[in-house]
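Here is a briefing for a reader new to this structure. Start with the fold, then move to the strands, the helix and the core.

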Amino acid sequence: MASKGRPYRTLQIGVFQVLVGRGDEDNDHLTFDVAEPQDLWLHVAAGTAGSHVVVRNPEGGEVPRDVVQRAAAAAAWYSKARAAQRVEVHFCRAGDVCKPRGAPAGQVQLARWKSVKVKPDAGS
């Protein structure tokens with residue numbers, strides 16, 4: 001699926017569609033308007049600037065570990081940590097992401113999350 005002109009890039013990892021935000025306002029739109037609560041949401045850790053990444057999960061089941069790893073690698077690639085050897089990426093259900101009152105575009109809080117360390121990679 002082409003993503004030109006959209007506020008996010010689209011990648012395909014197996015049967016999973018992965019959406020990658022293009023900027024702060026686009027990240028907010030992707031996270032709060034496009035993502036469904038059962039989708040998987042990812043972002044680089046430690047307050048590093050980067051794209052919000054959403055793995056579509058319409059069935060709501062467990063996203064396979066290899067898909068999480070590849071989506072996390074894409075989150076690391078589309079961040080300020082791209083040049084690092086290994087990058088920590090947080091992931092959670094999109095329903096566990098909220099926007100603090102008065103927070104600038106792109107800034108969010110996570111209710112609960114897990115982490116994975118990956119090598120940055122643009123994905124497919």
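Two strands pair if DSSP finds at least two bridges between them. Helices (H or I, at least four residues) and strands (E, at least two) are DSSP runs, numbered from the N terminus. This is a predicted model, in which local features need pLDDT of at least 70, side-chain atom pairs count only at pLDDT 80 or more, and totals for chains, interfaces and linings use all residues. Residues are numbered from 1 along each chain as its sequence is written, and side-chain values use heavy atoms, with hydrogens and water left out.

**Overall fold**

- The protein chain holds two helices and eight strands.
- From the N terminus on, the order of elements is β-β-α-β-β-α-β-β-β-β.
- A compact globule of 124 residues would have a radius of gyration near 14 Å, and the protein chain agrees, with 13 Å. This radius is taken over C-alpha atoms, and the globule rule is 2.2 Å times the number of residues to the power 0.38.
- Along the principal axes, the C-alpha atoms fill a box of roughly 35 × 35 × 30 Å.
- Of the 124 residues in the protein chain, 44% are buried. Buried means under 20% relative accessible area, exposed over 50%, and partly exposed in between (1.4 Å probe, protein chains only).
- The protein chain exposes about 6800 Å², and carbon and sulfur atoms supply 48% of it. Accessible areas come from the Shrake-Rupley method with a 1.4 Å probe; for residues, only the protein chains shown count as cover.
- Among contacts with a separation of 6 or more, 59% join residues 24 or more positions apart. Contact means heavy atoms within 4.5 Å.

**Strands E1 and E2**

- E1 and E2 run antiparallel and are joined by six bridges.
- Isoleucine 13 has phenylalanine 16, in E2, as its bridge partner.
- The two strands form a hairpin with two residues between them. Glycine 14 in the turn has a positive phi of about 60 degrees.
- Five of the six residues of E2 are buried, so E2 is largely enclosed by the rest of the structure.
- E2 also runs antiparallel to E4, with three bridges between them. Here leucine 19 stands opposite valine 54 in E4.

- E3 is mostly covered, with five of its five residues buried.
- Leu40, Leu42 and Val44 point one way from E3, while Trp41 and His43 point the other way.
- In a regular strand the side chains alternate between the two faces of the sheet.
- E3 pairs with E4 in the antiparallel sense over three bridges, and leucine 42 stands opposite valine 53 in E4.
- E3 pairs with E5 in the antiparallel sense over five bridges, and valine 44 stands opposite valine 89 in E5.

- Alanine 46 is found in the loop between E3 and E4.
- Alanine 46 counts as exposed because its relative accessibility is 74%.
- Alanine 46 has a positive phi of about 65 degrees, although it is not a glycine.
- Most residues other than glycine have a negative phi.

**Valine 54**

- Valine 54 lies in strand E4.
- Its relative accessibility is 0%, so valine 54 counts as buried.
- Not counting residues up to four places away in sequence, valine 54 touches Gln17, Val18, Leu19, Leu30, Ala35, Asp39, Leu40 and Trp41.

**Helix H2**

- Helix H2 covers residues 65-77, and its 13 residues should span 18 Å at 1.5 Å a residue. The end C-alpha atoms are 18 Å apart, which agrees. The expected span is 1.5 Å times one less than the number of residues.
- The buried residues of H2 are Val67, Val68, Ala71, Ala72, Ala73, Ala74, Ala75 and Ala76.
- These buried residues pack against strands including E1 (8-13), E3 (40-44) and E8 (114-118).

**Nonpolar cores**

- The largest nonpolar core has 26 residues. Such a core is a set of buried Ala, Val, Leu, Ile, Met, Phe, Trp, Tyr and Cys residues joined through side-chain atoms within 4.5 Å.
- Val18, Leu42, Val55 and Val89 have the most contacts inside the largest core.
- The elements that give two or more residues to this core are E1, E2, E3, E4, H2, E5 and E8. H2 gives the most, with eight residues.
- A second, separate core of 10 residues includes Tyr8, Leu19, Val34 and Ala94.
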